[in-house]
Amino acid sequence: MANYVTVSELVKENNLKVYGGQELLDKKRITTSDISRPGIELTGYFDYYPSERIQLFGQTESAYSHSMTVNNRYKVMCEICRDDTPVLLISRNISPSKELLKAADENGVPVIGSELPTTRLSSLITEFLDEKLAPRESVHGVLVDVYGIGILLTGHSGIGKSETALELVKRGHRLIADDRVDIYQQDEKTIVGEAPKILNHLLEIRGIGIIDVMNLFGAGAVRTSSDVQLIINLEDWQADKSYDRLGSMEETRTFFDVGVPQMTIPVKVGRNISIIIEVAAMNFRAKKMGYDATKKFEENLGSLIQENGQKNAENEDNK
């Protein structure tokens with residue numbers, strides 16, 4: 001889990017401009033994704049001022065500050081710029097006042113800006129920080145995108161996860177991560193997986209070694225990240241084990257506080273695992289759209305039992 005994001009990262013990855021404090025960008029750290037719009041603080045009320053947050057100045061805050069006297073504006077800006085204040089952020093290409101820049105410079109707070117509207121900028125920065133500051137976990141497995149469904153392949157080492165991923169890539173699907181998947185919780189319902197930077201676009205095939213999927217199959221064969229929507233656990237076929245034949249046994253695996261559907265597929269000679277995974281992805285998507293083949297089978301079975309029961313009753317009456 002990342003404990004902080006530097007202001008330098010924030011500027012580079014969100015195409016922001018720097019008005020002041022260029023030398024401070026690598027030193028100042030952002031530790032929370034919450035953003036503050038210092039409206040009431042501009043009136044002089046600082047009893048509950050969240051100084052550790054990014055301070056966002058929109059059109060309203062800027063217009064109000066320009067209505068103040070020069071001395072009052074400078075005094076309030078000095079109060080806003082505290083030791084733990086990471087950065088002042090200004091939207092809509094609004095030029096910062098001289099008093100704001102002076103107070104920020106004297107108190108060691110960088111000033112940055114964007115051309116985006118305030119609400120959109122706030123959402124963009126919050127989403128960026130939520131991702132960067134989210135709790136993370138490293139999982140052994142392979143993450144692939146099959147028909148738009150993010151599938152995490154798990155199983156013991158040597159079961160054939162990477163080879164299955166290679167076959168899926170050849171069939172037009174996309175690789176996200178091989179061997180190790182870094183996952184994090186994006187929101188209350190979404191788990192996202194991505195490859196560690198050192199393994200990005202790489203796939204290990206025993207007997208061949210490391211291959212660069214993007215170089216061999218093109219940019220369309222890879223993705224940088226994907227939601228983890230389904231887990232498929234590959235295991236060796238055991239003749240004495242009972243496997244789910246109807247699809248009615250629902251399993252989940254929990255990451256953080258989010259449960260992800262999981263199924264187990266036995267592996268043995270003669271089974272084309274990549275095709276089975278494709279069908280599993282299509283079936284999963286069909287269920288999400290409201291069609292469940294298992295329920296359809298159960299309804300058909302129930303209708304057949306009822307029909308046979310009626311026929312038996314009629315036969316008894318005719319005797």
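Colleague: What is the relative accessible area of R171?

Modeller: This is a predicted model, in which local features need pLDDT of at least 70 and side-chain atom pairs count only at pLDDT 80 or more, while totals for chains, interfaces and linings use all residues. Residues are numbered from 1 along each chain as its sequence is written, and side-chain values use heavy atoms, with hydrogens and water left out. R171 has a relative accessible area of 38% and is therefore partly exposed, where buried means under 20%, exposed over 50% and partly exposed in between, with a 1.4 Å probe and protein chains only. Its partner in a salt bridge is E278, with 2.9 Å between the closest N and O atoms; the term requires a side-chain nitrogen of Lys or Arg within 4 Å of a carboxyl oxygen of Asp or Glu. This pair links distant parts of the chain, 107 residues apart, since R171 sits in the loop between helix 6 (161-170) and strand 11 (174-177), and E278 in helix 8 (residues 273-288); helices (H or I, at least four residues) and strands (E, at least two) are DSSP runs, numbered from the N terminus. E278, at 6% relative accessible area, is buried. Elsewhere, salt bridges with shared partners join D145, R174 and R223 into one network. D145 is buried at 3%, whereas R223 is partly exposed at 27%.
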